[in-house]
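Hi,

Here is the structure I promised to pass on. Have a look at it first, then read my notes below.

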Amino acid sequence: MGMRVSTTGLFQSTNRRLMNNLQKLYDAQEGVSSGKKLLRPGDNPAAFSRVMGYKSVQAAMEQYERNISSSRGYLAEAESSLQTVSNLLARSKELAMQGASGGLDADTLAGLTEEVGGIYDQVVSLANARYSGGGIEGARYLFSGFKSDTPAFTDAGVYQGDDGEYKVEVAAGESVTVGMSGARVFQGDVDIFAVLQDLEDSLAAGDADGVQATLDDLDRAIGQVSKHMAEIGGRVNRLDQTEARMEESWLTLETLVSDEEDLDLIQAASELTYYETVLEASVLSTQRIFQTLGIL
Amino acid sequence: MSINHLLDIGRSALQSAQFGLDVTANNIANVNTPGYSRQRAVQAARESVSMGGNFYGAGVSVESVERIYDAFLGHEVYKANAEMMDYQMREQTYMRIESILYPSDETNLGSLMDEFFSAWQDLANNPAGSAERQMVLTKAEELAQNFRSLHGSLEDEIQYSNTLLEGYADEVNRLASEIAVMNQEISRLEGMGSPPNDLLDRRDALIEELSGYLDPTVIEEQGGMVTVLVSGGQPLVQGNTSFTLDLAEDPDDHGFYRMSVRGTDITDSLQGGRMRGVVETREKMVEFQDALNQLASELVHEFNHLHTAGYDLDGNLGQEFFTPIDPGATEDMARQIQVNIRDGNQIAAAQDPDALPGDNRNALAIAGLRDATVVDGSSTTFGGFYQSLVGEAGAEVQDAARKAEAGEAVYQSMMDYKNSVSGVSLEEEAIRLLAYQHAYQAAAKFMTVVEDLMDTLLAI
């Protein structure tokens, strides 16, 4: 013989079963409407900790992305300055070759001298280019090293910066040097300002041999600028690679987060329907039982 | 044999049928009364009368009104209820702790730490920028504020445990004294015939209520009284006497209340009930708060250590980034944490006082703390420490929820058994109603026959 069924017991247990089914329906509904199976740490503590870790790494990546884009801004400015410097040096070489051929009249010489003088001023001004750092105030001198609030060179071509070259973090524990010291770029092997000054002086003096003597230095100056432009290209490359690698990791993390966190919507929707049916059936059967038991 | 004898039998039949209807009516009336145990009128044939060598039946009598009840199931219900209430209490508490430690995906200590470190990275990108410097201070302030408010919320929860225990102790003391009063009433009435069934039900209900707070063990005594023991042997109710559950603050343990009965401390021997839930969770909450203090303390230490090694925008050696706290008071670091630097220019982003303002090396070093395993005996990062703290809170919720659910299942099945034995069945009562009704009608019919007999007799 089974358990004796009392009215009290029947009422309590059917009520409880109804409530259980209602709770399951509610849970299924909460899942479907949020699209998540991991809402609170208590839902699955280990998975929740993992997801927090993934999201924290993603937050760091967003920062690395900002670092990379800010570095790109700096490097683009530097590259564009150096490109112009390179063009100007090429022009200076043309002028020097003209000057070195000799037999030029005073007017022509004066014209060449003046143009080289102008080039000198432009190169000083390019070496003192400023970078506004992606719209954030506090423009700094590109080539002053750490002394970023001081113009890199005086009009006389004297370096006022230092040899500091700033780095940024582009991945966890991975830094890239971004800053370029003007001393290295403009006065490394060859002092570009001195060469231009020599050229200007020789042209002014009509000293064709003197002019001839600057041609080698001009070539070396052009080479020095190209070398640093290549260095910039290398850095940009490295930033691109880091960024591409990061994008991949980002996607992997997204998948990991989604696997832990997101509900299988098809399964959830069918669960929802299932619990709806179950609840309906249990309501109906409860009504039936209490209708049938209408003796009293 | 006299006509009177017939009248007597008829009267007893009418009376017992009426009595049966009475008991049935009472069962029906109490079908929805919580804790009510169904009752039965116990009938017996009266002792027969011997006359001329023959025995003649003398009618029926109602011997007693029996309460249908299984004492064993009662005990199981108390035990299951104590277990269920214990873990439900823990589940609710840990869920609050969980949402204190991790209020949302957007705002939590971990994301604020991430933002703080990010601000240092932005500063490293532009060490002279006053906006970047200001942002570091803003994020530091937000982080410190969050530490303080987390500490405060946990402190509120910790303090609340004493408030809860005060309320529970009041309830326990009220219930104990009511049980003692019931004991007295029951023993007085038991001597007078039928047991006082309604009082027995009420006493059981009081004990069940008591089992929501602690862990009663019930021993049946002579004369219908019960002795109620708590925490494995300490008497709370003995006969018509109840003892007080006393609370005393423990100065060595956060001022937490310790519980005692008649001078015997029962705090650590509690086996169930909400009170045990409170005792267990309050210790855990202190652990969470300690962990938070440790995190704040190590953060302050590491930041100050690096910051005081760098140089600010004016070329001065860096000051303590967070307000230094004397080493003796570090246990409350999360409550006390304050940003010491007030002016963005005082942030020491540089490593070399002669390389200003572009030197970002100290800012980079500080930003690097994000990934440095310097926390908890160099075993984890700041973020990792926080993540495991949240994970731990989640694990407590999960564990308590599972046990609460299991406890509830046991409690429900015990209640099902108890209802199966003691619950009123309206169908059953309907049949009894019919039976007694028929018995009554038949007895009444019999009485009219006796009346006819008497009329016949008198007409002679």
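Predicted model: local features only at pLDDT ≥ 70, side-chain atom pairs only at ≥ 80, totals over all residues.

**The sheet in chain B**

Where do strand 7 and strand 8 of chain B meet? Strand 7 (residues 234–238) of chain B joins strand 8 of chain B through two bridges, running in the antiparallel sense.

**Two helices side by side**

Next, look at helix 2 (residues 71–101) and helix 4 (residues 130–190) of chain B. Their axes lie 10 Å apart, and the packing angle is about 170°. An angle over 145 degrees counts as roughly antiparallel, so that is the label for helix 2 of chain B and helix 4 of chain B. Which residues of the two helices meet? From helix 2 of chain B come B:Arg96, B:Ile97, B:Ile100 and B:Leu101, and from helix 4 of chain B come B:Leu150, B:Ser153, B:Leu154 and B:Glu157. Sorted by class, this contact between helix 2 and helix 4 of chain B has five nonpolar residues, one polar and two charged. Something handy to remember here: an α-helix has 3.6 residues a turn, so residues three or four places apart point the same way.

**Where the chains touch**

Now for the two chains together. In chain B, 52 residues are in contact with 47 residues of chain A. Several helices of chain B give at least two residues each to the side that touches chain A, among them helix 3 (109–125) and helix 8 (361–367). Helix 9 of chain B gives the largest share of that side, 16 residues. The class count for the side of chain B that touches chain A is 21 nonpolar, 21 polar and ten charged residues.

From first C-alpha to last, its 28 residues reach 40 Å, close to the 40 Å expected. How many residues of helix 7 of chain A are buried? The count is one, so to speak a hardly covered helix.

Finally, find B:Leu433 in helix 10 of chain B. B:Leu433 is partly exposed because 19 other C-beta atoms lie within 10 Å, whereas a buried residue needs 20 or more.

Enjoy exploring!

Key
Residues numbered from 1 in each chain as written. Chains lettered and ligands numbered in written order. Helix = DSSP H or I, 4+ residues; strand = E, 2+ residues; numbered from the N terminus. Expected span 1.5 Å × (residues − 1). Buried ≥ 20, exposed ≤ 12 C-beta atoms within 10 Å, placed from the backbone. Axes fitted to C-alpha atoms, helices over the stretch in contact; angles between N-to-C directions. Parallel < 35°, antiparallel > 145°, perpendicular 65-115°, else oblique. Contact = placed C-beta atoms within 7 Å. Nonpolar A, V, L, I, M, F, W, Y, C, P; charged D, E, K, R; others polar. Pairing = 2+ DSSP bridges.
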